[in-house]
Amino acid sequence: MTVLVVSESSAQRYTLGDPDVRLMLQVRDDDAAAFEELVLRYQGRLIAVLEHLVGNRDQAEDLAQEVFLRVYRSRKNYVVSAKFSTWLFTIANNVALNSLRSRARHPESNLRSHDSGPMGARPLDRLVQASSSQMPARQLDKVEMRQIVRLALESLNERQRMAVLLSKFEGMSYADIAEAMELTPQAIKSLLSRARVNLRDILEPYLQDGTHPAVENDSSGSV
């Protein structure tokens, strides 16, 4: 597991300012109750991000279990290197990408109705609104729209998709996403900019006249 190197003062700042870091330090000391609390706090958020990344609810739940298992197994080696959520989603990113690269892709079109995160309910709906703010509005069937959003999101390459999910679901800053994805903040800014352009290009024909997008997924890691 990659260890992010930070100064002693930065580690102290994370420890004092992030209650989840303090919980993880208790987990390091074999506090089972602290681990259960972290699972309760992050399980739903983690599953939501993973579901949109891998396209399957059951698989997302399995991957979330794998993430928490890795957290627990690595507890004795835990060092305060970032906010807990950033560290957790670094692990989640690696787990999800490994899964995506090891299986044949079977895109799914069903987007769950309970999508939520720190940014509020249905962050991908808000993403569509942001991407289409300059487009003529149509009255759209909600189920159909969510299928189109799923298709559009799956058209992004793995890095763009993860950056969008961490931004829209977790409300992470460029710096935090950069730490989670082991990239620079400038690279994240570029990823999100390209993702917005790609989503707009895919969604615009549908939002204007109902033309369904025909997209090919680019699974490469390129920006």
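Me: What is a nonpolar core here, and which residues of the largest one touch the most other members?
Reply: A nonpolar core is a set of buried Ala, Val, Leu, Ile, Met, Phe, Trp, Tyr and Cys residues joined through side-chain atoms within 4.5 Å; buried means under 20% relative accessible area, exposed over 50%, partly exposed in between (1.4 Å probe, protein chains only). This is a predicted model, where local features need pLDDT of at least 70, side-chain atom pairs count only at pLDDT 80 or more, and totals for chains, interfaces and linings use all residues. Residues are numbered from 1 along each chain as its sequence is written, and side-chain values use heavy atoms, with hydrogens and water left out. Of the 59 residues in the largest core, those touching the most other members are Met24, Leu46, Leu50, Phe84, Phe89, Leu166 and Met181.

Me: Which element gives the largest share of this core?
Reply: Elements are DSSP runs numbered from the N terminus: helices (H or I, at least four residues) and strands (E, at least two). Those giving two or more residues to this core include α2 (19–28), α5 (84–102) and α10 (185–209). The largest share, twelve residues, comes from α3.

Me: What does leucine 50 touch, leaving out residues up to four places away in sequence?
Reply: Contact means heavy atoms within 4.5 Å. On that basis, Leu50 touches Gly55, Ala60, Leu63, Ala64, Ala92 and Ala96.

Me: Is aspartate 30 buried or partly exposed?
Reply: Aspartate 30 lies in the loop between α2 and α3, and has a positive phi of about 70°. Its relative accessibility is 43%, so aspartate 30 counts as partly exposed.
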